Amino acid sequence: MRYILFLIGTWFSVSLMAQSSVYDESLAKKLAADDYGMKQYMLVILKTGTNTTQDKKFIDSCFAGHMSNMNVMVKAEKLVVAGPIGKNDKLYRGIFILNVANKEEAEKLLKTDPAVNAGLLDAEYFPWYGSAALATYLPNVEKITKKNF
């Protein structure tokens with residue numbers, strides 16, 4: 001019986017917190033949030049591509065372009081999250097969470113990436129449902145970054 005009362009009390013508390021939250025309709029619309037504060041994104045997993053060149057100058061140039069392309073996508077408000085993945089046996093190298101509606105839009109964005117075009121990286125695409133507020137952290141990135149790649 002105590003357990004049931006605990007569950008009811010917890011549910012009631014969570015319900016009250018949800019109802020008393022400070023909902024900002026204009027922000028929700030701006031971020032394209034659904035009723036749950038969520039939206040659809042595309043998760044891209046970057047993995048080692050088929051190009052096995054050892055030409056360091058070429059590789060460095062492609063990855064400099066890769067980083068530059070990421071900055072372009074951020075400024076266009078298309079790239080929400082990016083980062084490398086630690087060493088693993090699946091050859092995964094990094095992720096992007098893209099603020100696009102479908103795989104075709106994501107593929108179009110990655111066609112502008114020199115490392116992907118050169119086959120140094122390959123991409124796998126997955127629909128991902130996450131917080132619409134995810135992109136709001138980007139304006140603070142520069143405020144906490146001492147060095148750029």
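Val44 touches Gly94, Ile95, Phe96, Leu98, Leu110, Ala123, Glu124 and Tyr125 when residues up to four places away in sequence are not counted. In this predicted model, Val44 is also one of the residues that touch the most other members of the largest nonpolar core, which holds 20 residues.

**Nonpolar cores**

- Besides Val44, the residues of the largest nonpolar core that touch the most other members are Leu46, Met73, Phe96, Leu98, Leu110 and Tyr125.
- Two or more residues of this core come from each of strand 1 (38–48), helix 3 (56–75), strand 3 (92–98), helix 4 (103–110), helix 5 (114–117) and strand 4 (121–131).
- Apart from this core there is a second, separate one of six residues, and its members include Tyr41, Leu43, Val80 and Val81.

**Strand pairing**

- Strand 1 pairs with strand 4 in the antiparallel sense, and eleven bridges connect the two; within this pairing, Lys39 has Gly130 of strand 4 as its bridge partner.
- Strand 1 also runs antiparallel to strand 3, to which it is joined by six bridges, and here Leu46 has Gly94 of strand 3 as its bridge partner.
- As a general point, the side chains of a regular strand alternate between the two faces of the sheet.

**His66 and its surroundings**

- His66 lies in helix 3, and it counts as buried because its relative accessible area is 8%, where the cut-off for a buried residue is under 20%.
- The side chain of His66 is joined to the side chain of Asp113 by a polar contact of 2.5 Å.
- With its neighbours within four places in sequence left aside, His66 is in contact with Leu46, Phe96, Asp113, Pro114, Ala115 and Leu121; among these, Leu46 and Phe96 belong to the group in the largest nonpolar core that touches the most other members.

**The chain as a whole**

- Read from the N terminus on, the elements of the protein chain follow the order α-α-β-α-β-β-α-α-β-α.
- Of the contacts in the protein chain with a separation of 6 or more, 73% are between residues 24 or more positions apart.
- The protein chain has 149 residues, of which buried residues make up 26%, and its accessible surface comes to about 11,000 Å², with 60% of that surface belonging to carbon and sulfur atoms.

Note on methods
Residues are numbered from 1 along each chain as its sequence is written. This is a predicted model: local features need pLDDT of at least 70, side-chain atom pairs count only at pLDDT 80 or more; totals for chains, interfaces and linings use all residues. Side-chain values use heavy atoms; hydrogens and water are left out. A nonpolar core is a set of buried Ala, Val, Leu, Ile, Met, Phe, Trp, Tyr and Cys residues joined through side-chain atoms within 4.5 Å. Buried means under 20% relative accessible area, exposed over 50%, partly exposed in between (1.4 Å probe, protein chains only). Helices (H or I, at least four residues) and strands (E, at least two) are DSSP runs, numbered from the N terminus. Contact means heavy atoms within 4.5 Å. Accessible areas come from the Shrake-Rupley method with a 1.4 Å probe; for residues, only the protein chains shown count as cover. Two strands pair if DSSP finds at least two bridges between them. A polar contact is a pair of N or O atoms within 3.5 Å; within protein, one must be able to donate a hydrogen and the other to accept it, and residues adjacent in sequence count only if both atoms are side-chain atoms.
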